[in-house]
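Have a look at the model below before reading on. The notes after it are meant to be read with the structure open beside you.

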Amino acid sequence: MTITAITARPVGQRRRQRISLGEKQLPIVLLLPAILIMLFVIGIPMAYSFYLSFTDYSLSSTTHKLIGLDNYIHLLFKDPLFWSAFGRTVLFMALAVNIEFLLGLGIAQLMAKVIRGQGFLRTIMMMPMMFAPILVGFQFKWFFNAQTGLVNNLLFTLTGEPHFIPWLIQKPLGFIAILIAEIWMGTPFMVVILEAGILSLPTEPFEAAEVDGASGWDKFRMLTIPMIMPFIYTAMAIRSLDLARAYDVVQIMTGGGPANRTELIWTYVNRLAFGQHEFALATAMSYITVLLSFVFTWYLFRNLIKSRWAGGAA
């Protein structure tokens, strides 16, 4: 009598063999409409604009030709206004993000200790986020108006002397004015994200630290900050990208002027494209800015991943 040995295959392998070719392709088929829409709405315009950045295309001309890297070379090596606007944008972004973080962390710490009315406080805190940036720009443009602005009137009330400080015209004051507007609009976002991180912390490490005699500052420095580091990196990355493309508030309040004193990168792009009709040059500047934004985002998210793998410590 001959006994035939039957080789048993793993269950997972038998299940994989049962999956037909159509079932494997089903996810791609379901995603295909969304992929085509994204390609039509985003991919094709981006490819065409990238092509235009290598031409001398202008809104005042009906023809254009390829000029290679001339636009990029001009911006990087021959246009001091580009580096001025770029440096001012980096300074603006760094100041706004760090001030918003410090204010947001302090407010979030206070709100996390509130027992009653947290929902009401969050609603009040999020109100600046409900305003469109254009409305915020008009609001603060009136606040800092030299003749009838709220700030100068407040100074008159406090000192008894009339003040006609040209906030939006003088070099440092115009930059400070748009910075205050962005901080007012962006701080609530920091508060919401950081408060969520603080409220999600476990209580056991804090109780153990209190038993060991740790002070409130020690617990905040050694426990709270390292444990909410993923929330910090997430909030700062999102706000940094938002500030890197700041345009509405600056355009409404100062328009980048006077004499380019408050010019940021995207107001300069707008002036080149639609004011001076240098559309190809403005497109090249946009791609340089986007590339630098990708590098900055990669750096922040690399630190975010490290902080997560380290259990919250950066």
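What follows is a short tour of nonpolar cores and salt bridges.

This is a predicted model, in which local features need pLDDT of at least 70 and side-chain atom pairs count only at pLDDT 80 or more, while totals for chains, interfaces and linings use all residues. Residues are numbered from 1 along each chain as its sequence is written, and side-chain values use heavy atoms, with hydrogens and water left out.

**Nonpolar cores**

A nonpolar core here is a set of buried Ala, Val, Leu, Ile, Met, Phe, Trp, Tyr and Cys residues joined through side-chain atoms within 4.5 Å. Buried means under 20% relative accessible area, exposed over 50%, and partly exposed in between (1.4 Å probe, protein chains only). The largest such core has 46 residues, and the members that touch the most others are Phe92, Leu105, Phe140, Phe144, Ile232 and Met253. Several helices supply at least two residues each, among them H4 (80–112), H6 (133–143) and H11 (229–244). Helices are DSSP runs (H or I, at least four residues), numbered from the N terminus. The top contributor is H8, with 12 residues.

Leaving aside residues up to four places away in sequence, Leu105 touches Leu194, Ile198, Phe220, Ile225 and Ile228, where contact means heavy atoms within 4.5 Å. There is also a second, separate core of 15 residues, including Ala85, Leu272, Leu281 and Ile288.

**Salt bridges**

How many salt bridges does the structure hold? There are eight, counting a side-chain nitrogen of Lys or Arg within 4 Å of a carboxyl oxygen of Asp or Glu. Here are three of them:

| Pair | N to O distance |
|---|---|
| Arg239 and Glu100 | 2.8 Å |
| Arg122 and Glu195 | 3.4 Å |
| Arg271 and Glu263 | 2.9 Å |

Arg239 sits in helix H11 and Glu100 in helix H4, so this pair ties together parts that are 139 residues apart in sequence. Arg239 is buried, at 5% relative accessibility, and Glu100 is buried too, at 0%.

The link between Arg122 in helix H5 (residues 118–125) and Glu195 in helix H8 joins distant parts of the chain, 73 residues apart. Arg122 is partly exposed at 29% relative accessibility, whereas Glu195 is buried at 2%.

Finally, salt bridges with shared partners join Glu100, Glu182, Arg239, Asp242 and Arg245 into one network.
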